[in-house]
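Visitor: Please take me through a single part of this structure closely. I would like to start with the surroundings of the ligand and then follow the chain onward from there.

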Amino acid sequence: MVLFPGSTSVVNDSSDVNQLHAMARAAQEVLEAKTIQVLADEGYYSSAGLKGCEDDGIEAYVPTSDGNRRLEKEGRFGLRSFSYDAAADAYACPAGERLHAMEGRRTSANGRIEVRYAGGKKTCGTCRLKARCLSAKAIRRVISRWEHEDVLERHRERMEGAGELMRRRSGIVEHPFGTLKCRAGYRHFLVRGFDKVRGEWSLMALCDNLTRVLNIIGFADFIDRVAKLLATLQQALAAILRLFQIAPRSLWSNEQLFAILSISTR
Ligand code: SF4
């Protein structure tokens, strides 16, 4: 479930992991912007999603998922402890040694094409840090690099200085969900069926957006703006009706009518 200004969406997928790029693109289209910044929570982290965003000029900020920090939680060196040297096409490890590219490429379980980089058996076997680096059965450290890993490296770099940005995201984006749950008591959908659920959610999002507008600009200002909009529409409608009254019926064609309607409603 995704809510952002101007558009909302409900997806038939229990996970957010595949939604980043599609939702970011939808936001980009609504905003008619060539480049945008997109912030999402950890559930949206996906390397393919980040790549898609970068290709479309979308600067994405998504915290790395917990799964990617599994080794660090076990007290072992994660990928962040290794730095890639593009010129040498090798990784430098925490002990200052190098992991070199192995021959061939392999396709991972999730379809990513990867190159594997390995430390020397002798070097790793005698390393003072091997307890924090190798698994119980490994004789050397091997790490996999996605063919588009540079996208993830740029993202990791961006995330280093994105603390304040992510705090702002939480303050802005989590607010509607909290409001809907606590104030409206909205904890589950009342209807069944994908299309109906989408409609229900759109109404809830519309109400929340309307409440925000009223809170920000005030009720009196809101009514004033609606009155001005209605007056403009009334003038446009009156202009169309006048044209109908003064023009001889024989002069009208569908193209002329369409042109006038387009001009009047702009
Ligand atoms: S075990 Fe190998 S890869 Fe790990 S720190 Fe030691 S030398 Fe580097």
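**The ligand shell and the helices beyond**

Guide: In this predicted model, the shell around the ligand is made up of eight nonpolar, two polar and three charged residues. Of these 13 residues, the ones that come nearest to the ligand are Cys93, Cys124, Cys127, Cys133 and Arg141. Two elements each give two or more residues to the shell: helix H4, residues 121-125, and helix H5, residues 130-133.

Buried residues in H8 include Trp201, Ala205 and Asp208. An α-helix has 3.6 residues a turn, so residues three or four places apart point the same way.

Just after H8 comes Gly218, with a positive phi of about 90°. Helix H9 then covers residues 219-246, 28 residues in all. Its first and last C-alpha atoms are 41 Å apart, close to the 40 Å expected at 1.5 Å a residue. The number of buried residues in H9 is zero, so H9 lies largely in the open.

As for the whole chain, it has ten helices and ten strands. Buried residues account for 13% of its 266 residues. Among contacts between residues at least 6 apart in sequence, 48% join residues at least 24 apart.

Key. Residues numbered from 1 in each chain as written. Predicted model: local features only at pLDDT ≥ 70, side-chain atom pairs only at ≥ 80, totals over all residues. Near = placed C-beta within 6 Å. Helix = DSSP H or I, 4+ residues; strand = E, 2+ residues; numbered from the N terminus. Nonpolar A, V, L, I, M, F, W, Y, C, P; charged D, E, K, R; others polar. Buried ≥ 20, exposed ≤ 12 C-beta atoms within 10 Å, placed from the backbone. Expected span 1.5 Å × (residues − 1). Contact = placed C-beta atoms within 7 Å.
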